[in-house]
Amino acid sequence: MSRFALGDPWLEELATRRDVIERLMAAHLPNDDGLCVECTTPGHGTPRAPWPCSLWTLADEAHQLRALRNPGRPPG
Ligand SMILES: [Zn+2]
């Protein structure tokens, strides 16, 4: 399932920032209820946001975009 938004400046920028991608994917994880632990933290984003949330999905797409942009190199 891919929802690449090629040409999206946010995604293009994020794809150059492996550290940010890794931080997002490490923080936005599902809890026992299948909700994003980061987005459902009070004061953050969307209460009761189902996982994968929009930020995790964006980070995942940026991660895949890195792999496309760097063929022959290990993704990361
Ligand atoms: Zn999230």
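The legends below describe close-up views of one predicted model.

Residue numbers start at 1 in each chain and follow the sequence as written. Because the model is predicted, local features are given only at pLDDT of at least 70 and side-chain atom pairs only at pLDDT 80 or more, while totals for chains, interfaces and linings use all residues.

**View 1. The whole chain and its confidence.** The chain contains three helices and zero strands, in the order α-α-α along the sequence. Helices (H or I, at least four residues) and strands (E, at least two) are DSSP runs numbered from the N terminus. The average pLDDT, the predictor's confidence in each residue on a scale from 0 to 100, is 85 for the chain, and 83% of the residues score at least 70. Among the elements, helix α2 (residues 18-27) has the highest mean pLDDT, 96, and helix α1 (residues 9-14) the lowest, 90. Where pLDDT is low, predicted coordinates should not be read in detail. Of the 76 residues, 18% count as buried; a residue is buried if 20 or more other C-beta atoms lie within 10 Å of its own, exposed if 12 or fewer, and partly exposed in between, with C-beta atoms placed from the backbone. Two residues are in contact if their C-beta atoms, placed from the backbone, lie within 7 Å. Of the contacts between residues at least 6 apart in sequence, 48% join residues at least 24 apart.

**View 2. The largest nonpolar core.** A nonpolar core is a set of buried Ala, Val, Leu, Ile, Met, Phe, Trp, Tyr and Cys residues joined through C-beta atoms within 7 Å. The largest one has twelve residues: Leu14, Ala15, Ile21, Leu24, Cys36, Cys39, Cys53, Trp56, Leu58, Ala59, Ala62 and Leu65. Helices α2 and α3 (54-69) each supply at least two residues of this core, and the largest share, five residues, comes from α3. Residues up to four places away in sequence aside, Ala59 touches Leu14, Ile21, Leu24 and Met25.

**View 3. Helix α3 and its buried residues.** The 16 residues of α3 reach 22 Å from first C-alpha to last, close to the 22 Å expected at 1.5 Å a residue; the expected span is 1.5 Å times one less than the number of residues. Trp56, Leu58, Ala59, Glu61, Ala62 and Leu65 are the buried residues of the helix. Their cover includes α1 and α2.

View 4. Leu55 lies in α3 and counts as partly exposed because it has 19 C-beta neighbours inside 10 Å. Neighbours within four places in sequence aside, Leu55 is in contact with Leu24, His28 and Cys39. Its C-alpha atom is 9.7 Å from that of Cys36, 19 residues apart along the chain. Thr57, also part of α3, counts as partly exposed because it has 15 C-beta neighbours inside 10 Å.

**View 5. The loop between α2 and α3.** Asp33 is found in this loop and counts as exposed because it has 10 C-beta neighbours inside 10 Å. From Asp33 to Pro50 the C-alpha distance is 8.6 Å, at 17 residues apart in sequence. Pro52 also has its place in the loop. The peptide bond from Trp51 to Pro52 is cis, with omega near 0°. Most peptide bonds are trans.
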